Amino acid sequence: MQICNGFRLTVGDPAEHVATLRIDRPDKRNAMSADMWRALPGILERLAADPGVRVLVLTGAGGTFCSGADISEIARLSEDGDDTGLTVTAERALTRFPKPVIAMIEGFCVGGGCQLALACDLRLAAGDARFGITPARLGIVYPLSSTRRLVDHVGPSAAKALLYTADLVDADRALRIGLVDEVLPAGELAGRVYGLARTMAGRSQLTLAASKEIVDGRTGEDGFRAWQQASRDERSEGVAAFLERRPPRFTWGR
């Protein structure tokens, strides 16, 4: 289903609760226009409110994840520090999406494409994928939040190498430095991604939501205690299912 220019949303078997948001601008190697950056937060807000969606897969059409921001619209995408700008607003919406997001990466994942991929919870890539952080080619200062997230994943030295050179690196290099979590042959990527997504969709959604907030540093001690209080019914069902040797029937958020 085309939900706006440049994005296509598909939902598989309703029983599996996995949605796919596809960057769909193959004539531009899925470069993100200003309108696409602007539309992404609203799309994510609708998906967050949909109880039928428990896991989101973000990917690209035509064998390319995303070649970055559309350079022809660069004036409309200018950043002012870390608090404004279309790309940072979209990135922030993706990091704050309350459900698991898996980036399924084929082909090029460059510039703004890496910005989106790093805002996802997990990144799985095909063996022929290529990655690059390219603002140095254009005289652009990479956003503060994006740079810090890059450093969190790959460390300062690898981040500097990517930012200073603007060179592309292959999937094996991306895996070694922590830019991606898994690399698979192209023919096996989708099966692995959707198998992982279905596993997550079958787990306690309360546990997943709490874990995401805690890991991402958005919950303190009071929030942790609130999650513990809210988990009583889930915990009772999980323990009962384990003792009775049956699949759990978790109900939180469903």
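Q: How far apart are the mean positions of the positive and negative charges of the protein chain?
A: They are 2 Å apart. There are 32 positive and 32 negative charges. Bear in mind that this is a predicted model.

Q: OK, fold next. How many helices and strands does the protein chain have?
A: Ten helices and ten strands.

Q: What share of the contacts links residues 24 or more positions apart?
A: 68%, counting contacts with a separation of 6 or more.

Q: Switching to the inside. What percentage of the residues is buried?
A: Buried residues are 47% of the 254.

Q: Which residues have the most contacts inside the largest nonpolar core?
A: Leu58, Ile105, Phe131 and Leu150. That core has 50 residues. Helix 1, residues 34-48, gives the most to it, with seven.

Q: What does Phe131 touch, leaving out residues up to four places away in sequence?
A: Its partners include Ile105, Cys109, Cys114 and Ala125. Among the others are Asp167, Leu168, Val169 and Asp170.

Q: Which residues does the second core include?
A: Val18, Ala126, Leu184 and Val193 are among its 16 residues. This core is separate.

Q: Last one, the surface. How much of the accessible surface belongs to carbon and sulfur atoms?
A: 53% of about 12500 Å².

Methods:
Residues are numbered from 1 along each chain as its sequence is written. This is a predicted model: local features need pLDDT of at least 70, side-chain atom pairs count only at pLDDT 80 or more; totals for chains, interfaces and linings use all residues. Side-chain values use heavy atoms; hydrogens and water are left out. A nonpolar core is a set of buried Ala, Val, Leu, Ile, Met, Phe, Trp, Tyr and Cys residues joined through side-chain atoms within 4.5 Å. Buried means under 20% relative accessible area, exposed over 50%, partly exposed in between (1.4 Å probe, protein chains only). Helices (H or I, at least four residues) and strands (E, at least two) are DSSP runs, numbered from the N terminus. Contact means heavy atoms within 4.5 Å. Accessible areas come from the Shrake-Rupley method with a 1.4 Å probe; for residues, only the protein chains shown count as cover. Lys and Arg count as positive and Asp and Glu as negative; His and the chain ends are not counted. The place of a charge is taken as NZ of Lys, CZ of Arg, CG of Asp or CD of Glu.
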